[in-house]
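Let's take a tour of this model, one region at a time. Keep the 3D view open and follow along as you read.

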Amino acid sequence: MPREITYLDAITEAIAEEMRRDEKIFHLSTDAPGALLKEFGPSRVRQTPITESALTGMAIGAAGSGYRPIVDWRLVTFSFVAMDQIVNQAAKIHYMFGGQQKFPILFRTTVGGGTRRAAQHSQSPYSMFMNLAGLRQALPSTPYDVKGLTKAAIRDNNPVVMFESGRLGGLQGEVPDEDYTIPFGQADVKREGTDVTVVALAWLVHEALAAAETLAKEGISVEVIDPRSLVPMDAETIRRSVQKTGRLVVADEAGPTCSAAAEIISLATEDAATFKALQAPPARVCAFQVPIPYAPHLEDHVFPDRNRIIDGIRTVIGS
Amino acid sequence: MTVSPDMQRNMLRQMQTIRRFEEHASEGFLAGDIYGVVHCYIGEEAVAVGVCATLTREDKIISTHRGHGHCIAKGADLKRMMAELYGRETGYCKGKGGSMHIADFEIGMLGANGIVAGGISIITGAGLAAQMDGNGAVAVCFFGDGASNAGPFHESINIAASWKLPVIYVCENNLWAVNVPAENSLAVTDVAARAAGYGIPGKIVDGNDALAVYEAASEAVAHARNGGGPTLIECKTYRHRAHTERADQPDARPKAEIEAWMAKDPIDQLAAHLKGQQGQLTEDEWAAMDADVMSEVEAAIAFAKASPFPSTDSVSQDVFAD
Ligand SMILES: Cc1ncc(C[n+]2csc(CCOP(=O)(O)OP(=O)(O)O)c2C)c(N)n1
């Protein structure tokens with residue numbers, strides 16, 4: 001029976017269910033999540049010193065020794081002190097050693113802004129991670145998707161980075177009781193349409209759906225696609241949609257430079273059939289390329305929202 | 001602590017294997033058959049061998065950029081090691097790693113590492129795994145004096161000490177980090193002094209004396225196996241060669257210092273000790289042992305040279321595990 005739960009509860013459920021299933025899974029974080037700690041105790045849900053770098057490395061060593069660690073970096077901000085372990089070690093260790101050993105690790109981390117916590121605590125740097133070979137990555141937008149992808153991530157035999165959207169933590173959504181996973185590399189068409197494709201990420205999926213609702217009243221039919229996983233990226237679903245609509249807008253909370261949005265546009269336009277079907281240049285609706293400012297009206301000005309998505313759509317359809 | 005003559009002979013043989021292997025690694029590098037960069041461990045063999053002699057196959061180690069000695073001491077296959085240096089398909093990493101990235105997970109060798117201090121937290125995680133397994137296994141971290149100034153050393157030792165993880169941190173203090181003397185980078189004379197700040201035992205050992213290293217490591221390993229937590233062992237040693245093998249490389253180290261340490265060669269010392277022990281090693285036996293080691297190394301070279309280079313199709317393999 002489907003129930004309504006929040007995005008954050010869906011993540012906790014996913015982890016708890018997997019931890020019940022497999023005792024090799026344990027959780028490391030500078031702030032142990034209460035519900036998990038209560039159920040599994042302090043040896044499997046470890047409260048650690050504030051040393052994200054060491055935790056990340058320790059997860060690699062434990063994974064290489066037969067465990068399936070979960071590390072919660074908490075804000076992606078704090079992952080930056082662990083960059084050596086992420087970039088030089090976790091991403092490369094399977095390949096560099098000739099595939100000898102598997103390193104199943106889930107790295108959880110929260111991304112996004114909207115919290116009035118200014119530049120250091122409001123970041124969406126997933127394209128920095130996408131640039132690395134060897135890390136699977138997802139950025140889900142609903143409780144259903146985040147639960148299914150978190151479970152898939154825990155069962156995956158690779159280091160996986162799950163970007164959890166801070167803005168969506170309290171979002172309610174339907175989640176079934178039964179066990180399910182969502183495979184990496186499968187986009188989801190969140191709304192079907194015929195005039196323009198909007199590929200949106202995380203919070204912007206919901207803004208794009210709101211934009212689509214508004215434009216439907218004007219007779220503009222918007223298709224909204226959520227890639228859900230960033231690595232691998234489901235280029236096929238995006239291309240098929242753009243071949244149908246002939247128009248592409250990509251909406252993301254990160255800045256545009258070398259971004260997921262840039263990658264999505266490349267994946268679409270470098271495909272001959274998709275390129276031929278295009279009736280207008282694609283458009284990116286992204287944050288401004290600035291550190292995120294504190295004052296509410298400044299922060300809100302930096303991020304894209306439904307209105308900017310509507311503007312982007314109008315531009316590509318020339319209305 | 002008494003170490004049986006047999007065991008001493010085994011240790012001597014391993015040390016000589018490391019030396020002969022690396023003499024060839026250097027030759028192969030200068031001949032252009034081995035690529036990139038080769039850091040030789042020659043002069044420091046007593047550390048890897050003395051420590052690994054106290055370990056079982058279930059125990060894990062991690063190494064540094066200067067990793068051949070640790071691999072050999074933990075029991076790695078010379079053929080697959082040499083093939084990796086030659087960039088061949090039959091190498092430990094199928095030609096994708098090279099000298100700085102040899103690992104053998106089957107024998108608990110979690111890899112050389114090209115990042116100074118990069119392996120310290122990884123092996124600490126293996127120590128956590130051993131503690132959770134509860135089977136008495138330990139994890140050993142080899143690292144340099146240079147690495148002891150980096151964050152991962154301090155973060156990892158702090159966690160290992162707080163959680164009483166079965167990890168032995170073995171600092172190979174060869175007095176230099178590339179061309180920088182350790183005294184320029186450390187405000188304390190001894191790396192071992194830092195143990196006090198983490199509430200764990202810190203020991204200083206003559207790193208050119210394999211038996212002294214063995215004794216210190218045995219104690220630390222027993223302490224860790226019994227749930228006592230980590231120990232920091234500082235082995236004072238010296239590399240005989242420049243930081244890396246490179247014909248034109250200047251070496252900042254004073255000649256007299258190099259010569260003084262060459263005179264304390266760890267292999268000569270152990271051989272002399274065995275010879276002095278009521279003839280536990282004769283000149284002939286020693287010559288035969290060396291010849292045996294040489295033929296093993298030569299077989300490894302022949303294996304490497306006869307092995308194919310990996311096909312270019314393999315570049316996309318193993319980016320992700322199945
Ligand atoms: C993080 C990092 N910085 C710099 C280097 C370049 N580098 C390679 S070895 C080395 C010196 C390391 O000294 P130490 O830890 O004492 O080990 P040793 O070479 O003496 O065995 C340096 C600086 C590196 N590999 N990684």
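The buried residues of α5(A) pack against quite a list of elements: α3, α4 (76–79), α6, β5 (105–111) and β7 (159–165) of chain A, plus α5 (120–133) of chain B. Which residues of α5(A) are the buried ones? They are A:D84, A:Q85, A:I86, A:Q89 and A:A90. Bear in mind as you look around that this is a predicted model.

Let's zoom in on A:D84, which sits in helix α5 of chain A. Is A:D84 buried or exposed? It has 20 other C-beta atoms within 10 Å, and 20 or more is what it takes to count as buried, so A:D84 is buried. Leaving out residues up to four places away in sequence, A:D84 touches A:S53 and A:Q89, as well as B:I115 and B:G118 from chain B. There's also A:T56 to look at: it is 28 residues from A:D84 along the chain, and the C-alpha atoms of the two are separated by 9.3 Å.

## Where the two chains meet

Now step back to the two chains. On one side, 32 residues of chain A make contact, and on the other, 33 residues of chain B. On chain A's side, α3 (52–63), α5 (83–90) and α6 (93–96) each supply at least two residues. The largest share comes from α3(A), with 8 residues. Sort chain A's side by class and you get 11 nonpolar, 19 polar and 2 charged residues.

One pair of helices here is worth a look: α3(A) and α6 (residues 151–163) of chain B. Their axes are 9 Å apart and they pack at an angle of about 75°, which means α3(A) is roughly perpendicular to α6(B). From α3(A), the contact uses A:S53, A:A54 and A:G57, while α6(B) brings B:G151, B:P152, B:E155, B:S156 and B:I159. By class, this helix contact has 3 nonpolar, 4 polar and 1 charged residues.

## Chain B as a whole

Chain B has 11 helices and 7 strands. Its radius of gyration is 19 Å, close to the 20 Å that the globule rule gives for 322 residues, so chain B is as compact as a globular protein of that length. The C-alpha atoms of chain B fill a box of roughly 55 × 50 × 40 Å along the principal axes.

How much of chain B is buried? Buried residues make up 54% of its 322 residues. And if you take the contacts in chain B with a separation of 6 or more, 76% are between residues 24 or more positions apart.

## Around the ligand

What surrounds the ligand? There are 14 residues around it, and the closest are B:V116, B:G144, B:G146, B:A147 and B:A177. This shell divides into 6 nonpolar, 6 polar and 2 charged residues.

Most residues other than glycine have a negative phi, and most peptide bonds are trans. Here are some exceptions to find. A:V231 and A:P232 are joined by a cis peptide bond, with omega about -5°. A:P232 is in the loop between β12 (229–231) and α10 (235–245) of chain A.

A:A202 isn't a glycine, yet it has a positive phi of about 50°. Look for A:A202 in the loop between β10 (196–200) and α9 (203–216) of chain A. It counts as buried, with 28 C-beta neighbours inside 10 Å. Over in chain B, B:K94 also has a positive phi, near 55°. B:K94 lies in the loop between α4 (78–85) and α5 of chain B, and it counts as buried with 22 C-beta neighbours inside 10 Å.

Methods:
Residues numbered from 1 in each chain as written. Chains lettered and ligands numbered in written order. Predicted model: local features only at pLDDT ≥ 70, side-chain atom pairs only at ≥ 80, totals over all residues. Near = placed C-beta within 6 Å. Nonpolar A, V, L, I, M, F, W, Y, C, P; charged D, E, K, R; others polar. Contact = placed C-beta atoms within 7 Å. Helix = DSSP H or I, 4+ residues; strand = E, 2+ residues; numbered from the N terminus. Axes fitted to C-alpha atoms, helices over the stretch in contact; angles between N-to-C directions. Parallel < 35°, antiparallel > 145°, perpendicular 65-115°, else oblique. Rg over C-alpha atoms; globule rule 2.2 N^0.38 Å. Buried ≥ 20, exposed ≤ 12 C-beta atoms within 10 Å, placed from the backbone.
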